[in-house]
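Biologist: I am new to this structure and would like a close look at one part of it, the salt bridges. Please take me through them.

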Amino acid sequence: MKKIVCLLLALALSIAVFAGCGGNNNSSSGNPPSNTSGGENSGTQVSESGVDISSKAKLVMWTPGTAPRDLQRISGKLNEMTQRDLNATLEWNMYVDVQKLNLLLTSGEHIDVIYAANYQNYAVYAAKDAFLPLDDLVPKVSPALQEYVSTEMWDATRVGGKVYMVPCMWEEWVPYGFLWREDLRKKYNLPEISDLESIEAYMQGIKDNEPDMQVTGEMVSTYGSLGSHFTTWEFLDRQYKWADFRVPYGLYIDYEDPTKVINWWETEEFRNDMKMFKRWADAGYWSRSALANTETKQNAFEAGKIACDLAFNAPSGYANLVSRVAASHPDWELGWQPHYRVKQLATPNHATQNGMAVPASAEYPERGIMLLEKLILDEEYYRTSQYGVLGEDYDISEDGYYVAVGEPSSAGFPREAGDLWSTRNEDFMLYPETTAKVLKELNDEFRTYTRPNIWTGFAEDTTPYQTEKAALANVITQYLPPIQAGLVSDVDAEIDNLLEKAKVAGLDKIREEYTKQWLAYVEEHGLAK
């Protein structure tokens, strides 16, 4: 009996010793503890920054765009990593429109990290406490992420003095530009693309010589929370030096003199621009049913259904398109004239153009920040989330270029298919060889005439006219796109009707308050000429 008691005591002591060792997970190696079983943990797990991650967590992430076919497969690979490193599963979802974004942020649904951007009303949501402030959270949870983002970029994201997003540190220009099939231009001996007249000649040449092809695939799009617009509007950025062509409420802010705020809808230039679009619509350059078009211009272009895009977006988008077309349509040639080039003014992305925020509904805000650190600063996470699985979705050439595995048409997770623009890190980025060369050439050009982005740091406070803004958005959605599409019989009469309805909705009050806020911003930041 004494021997049995001694053995039991020794066994109990051994269990206690091993339990004590297992509970001390903050090891001298500095590596966070692992738990890949998905079961319950024994003892306390602590991250490198001292965050308790003992309890199992479910992280939910939302990014914009249409989900690629194999999003869940790639999400599953990331899920394995987050269980290993963060003791958390990961659910990765994507949304298509801003109405869905608004619902996500106002419903209280569990979301731990979500894409945030100025063009998706980052400042508005931040001011309404839809996001958690990160001033204390990021330094506490991720000193590495705090150091990675520059002080200037942190400061540029502030709304009401507080930081609400982790901004992307990758320098990027995102101009719209005219995209066309250069092989078709040459085939029909059309003028080289240089100015408005040559663009019109190209479109008419396609109309005359390619009867089975639509010239362009313009459509209704939604920008921010101010209703809808027709995408011809984006073409006008080439001919105006406004602070940003997306200034709302029918206003024009002059880049050369930011104190100059013009009621653009009420100018003769606006009427002439809309009459130009009517002329193009009457010529049949886009479908008479374009207001109901749901196929994206990029998809239609790559499928050979349209011959140009009046406002194709971003050098990186064009560079990627060139690479894809080289593989899928080797007989094609492409051309792209960025609007920056026409007006010799390039403005790089503002800090708030692409970022990630932690919603107020987050259940695991600390681990949400830890996830962002991994997606941005960890090469394994970065390349999996951006490119998929090495050997299955992509390979890397001897020269360090991205190489897609299989045919582009069958790719389940093409390059950057998850639209995680907000986590781009140049240290880990991979490009196809053609993309890399085209993008470098364009970015080198933009640097020769780049100037500060004076617009997108402005955080509008809609509180004084929230009711009027909602009413105006309804007016814009109903009356503006048909005018921009040229699908009206009398442009002047329809513009008069738009202005009448807009003023009843409160346009004058909105403009007055908005202008007052803008001019205060200009004075605060010393932007007046």
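How many salt bridges does the count come to?

Modeller: This is a predicted model, where local features need pLDDT of at least 70, side-chain atom pairs count only at pLDDT 80 or more, and totals for chains, interfaces and linings use all residues. Residues are numbered from 1 along each chain as its sequence is written, and side-chain values use heavy atoms, with hydrogens and water left out. A salt bridge here is a side-chain nitrogen of Lys or Arg within 4 Å of a carboxyl oxygen of Asp or Glu. By this rule the count comes to 42 salt bridges. Side chains of opposite charge can pair when their charged atoms come close.

One of the pairs is Asp183 with Arg181, whose closest N and O atoms are 2.9 Å apart. Asp183 is buried (under 20% relative accessible area; exposed is over 50%, and partly exposed in between, with a 1.4 Å probe and protein chains only), at 15% relative accessibility. Arg181 is buried as well, at 6%.

Another pair joins Asp244 to Arg246, with 3.0 Å between the closest N and O atoms. Asp244 counts as buried at 10%, and Arg246 counts as buried at 15%.

Glu513 also forms a salt bridge, with Lys516, and there the closest N and O atoms are 3.2 Å apart. Both residues lie in helix α19 (residues 507–524), 3 residues apart, about one turn of the helix. Helices are DSSP runs (H or I, at least four residues), numbered from the N terminus. Glu513 is buried at 18%, whereas Lys516 is exposed at 55%.

Finally, a network of salt bridges links Arg69, Asp70, Arg73, Glu392 and Asp393.

Methods
Helices (H or I, at least four residues) and strands (E, at least two) are DSSP runs, numbered from the N terminus.
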